[in-house]
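Please keep the structure open while reading these notes.

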Amino acid sequence: MALALLTVPGPCSAAQTIRKPETPYEVRAVFLYKFAQFTEWPKEAFADENAPFVFGILGKDPFGKDIDIIKGATLKGRKLEVRYFLKVKEVKDCHILFISDSEEHWLPEILKALENTSILTVGEMDRFVERNGVLNILPGRDKRPYEINQAAAEKARLRIHLSLLASKNR
Amino acid sequence: MISFRNLSIKKKITSVVMLTSCIALLLACAAFVGYELLTFRATIISEMSTLAKITSKNCEVPVSFDRPEETENILTNLSTEYQILAACIYRDGKVWAKYPKGLSDAAFPQKPDVGGHQFQKSTLALSRQILDPDKNPIGAIYI
């Protein structure tokens, strides 16, 4: 029920490679894809013009096959790549990093290690934005199923669309 | 009744000059009205097109994130433009958000002529595509 509230339809006629999401983690993947569409990264976040847009998953992967819904899609004119990391030290050339629940215990250390990067950190856990994560997914919420730490986004030099910020921010 | 043949040369010349002037004036008026009508239509299409583009831009996020209520609030801003009678947003091929909110879906065409415009009696109907930042179509606006 709670997950159903995070209903974000697929880009339908939009990005032809992305179909309408069906499972809760497909919904999350498409939501993050769209969120990235309306967020600007600094130029330096990409090695060159042909560098891919990297969607990272840190820790135990909760998406499984559901992430396939966005695999191979293009984002900001770049190929979207999904990469898996076991430790924060491995995180490199990443633009969105989904921090799995399995890493909650080490969250302060992880976010500290990513402090001077332009990575949009995403979590789905209590007090994620209070602990300086950028975007926390709140599937139980009706209208805006997420919260943003605007200060953390600014520190990472991410420019999030104003309409997305118009929620309960920190 | 005095026939034209019986008029003096002076009066004949005056009549011919008057008639020619009247015809010239009428033609000039017709040309002026025609030109005004054409430019007025072009101007109103351009103005409505700009308004549709701005409204579409403002609706990008709520359309993309499936927030019809927020989209309708944005459309309500069109009430400041007294000449706008109705507007709607199509998503997945259906009327998804509209202004005024209470208007029936049947008041809008089932399939709008996206990118085109139509003058119907004294009204203009115009439709434009709504694109996401990657320039993919995510809906359409109809004003």
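1. Start with the order of elements in chain A. Read from the N terminus, they run α-β-β-β-β-β-α-β-β-β-α-β-α. That makes four helices and nine strands in this chain.

2. This is a predicted model, and its confidence values should be read before its details. For the complex, the predictor reports an ipTM of 0.78 and a pTM of 0.80. Chain B has a mean pLDDT of 92, with 99% of its residues at 70 or more. Where pLDDT is low, the predicted coordinates should not be read in detail.

3. Chain A has 170 residues, and 39% of them count as buried. Among its contacts with a separation of 6 or more, 57% join residues 24 or more positions apart.

4. In soluble globular proteins, nonpolar side chains tend to be buried together. The largest nonpolar core here has 44 residues, and Tyr33(A), Ile70(A), Leu97(A) and Val122(A) have the most contacts inside it. Several elements of chain A each supply at least two residues of this core, including helix 1 (24-37), strand 5 (96-99), strand 6 (120-123) and helix 3 (150-155). Helix 1 of chain A gives the largest share, eight residues.

5. Which residues is Val122(A) in contact with, leaving aside its neighbours within four places in sequence? They are Leu32(A), Ile96(A), Leu97(A), Phe98(A), Ile99(A), Leu135(A) and Ile137(A). Another core, of 18 residues, lies apart from the largest one, and Ala52(B), Cys59(B), Tyr99(B) and Leu126(B) are among its members.

6. Is Lys143(A) buried or exposed? Lys143(A) sits in the loop between strand 7 and strand 8 of chain A. Lys143(A) counts as exposed because there are 10 other C-beta atoms within 10 Å, and the cut-off for exposed is 12 or fewer. Lys143(A) and Asp126(A) are 17 residues apart along the chain, and their C-alpha atoms are separated by 18 Å.

7. Turn now to a helix pair in chain B. The axes of helix 1 (residues 9-64) and helix 2 (residues 68-76) of chain B come within 9 Å and cross at roughly 165°. Angles over 145 degrees count as roughly antiparallel, so helix 1 and helix 2 of chain B are roughly antiparallel to each other. The crossing is right-handed. On helix 1 of chain B the contact is made by Thr55(B), Asn58(B), Cys59(B), Pro62(B) and Val63(B). On helix 2 of chain B it is made by Glu70(B), Thr71(B), Ile74(B) and Leu75(B).

Note on methods
Residues numbered from 1 in each chain as written. Chains lettered and ligands numbered in written order. Predicted model: local features only at pLDDT ≥ 70, side-chain atom pairs only at ≥ 80, totals over all residues. pLDDT = per-residue confidence, 0-100. Core = buried A, V, L, I, M, F, W, Y, C linked by C-beta atoms within 7 Å. Buried ≥ 20, exposed ≤ 12 C-beta atoms within 10 Å, placed from the backbone. Contact = placed C-beta atoms within 7 Å. Axes fitted to C-alpha atoms, helices over the stretch in contact; angles between N-to-C directions. Parallel < 35°, antiparallel > 145°, perpendicular 65-115°, else oblique. Left-handed = near helix turned anticlockwise from the far one by under 90°.
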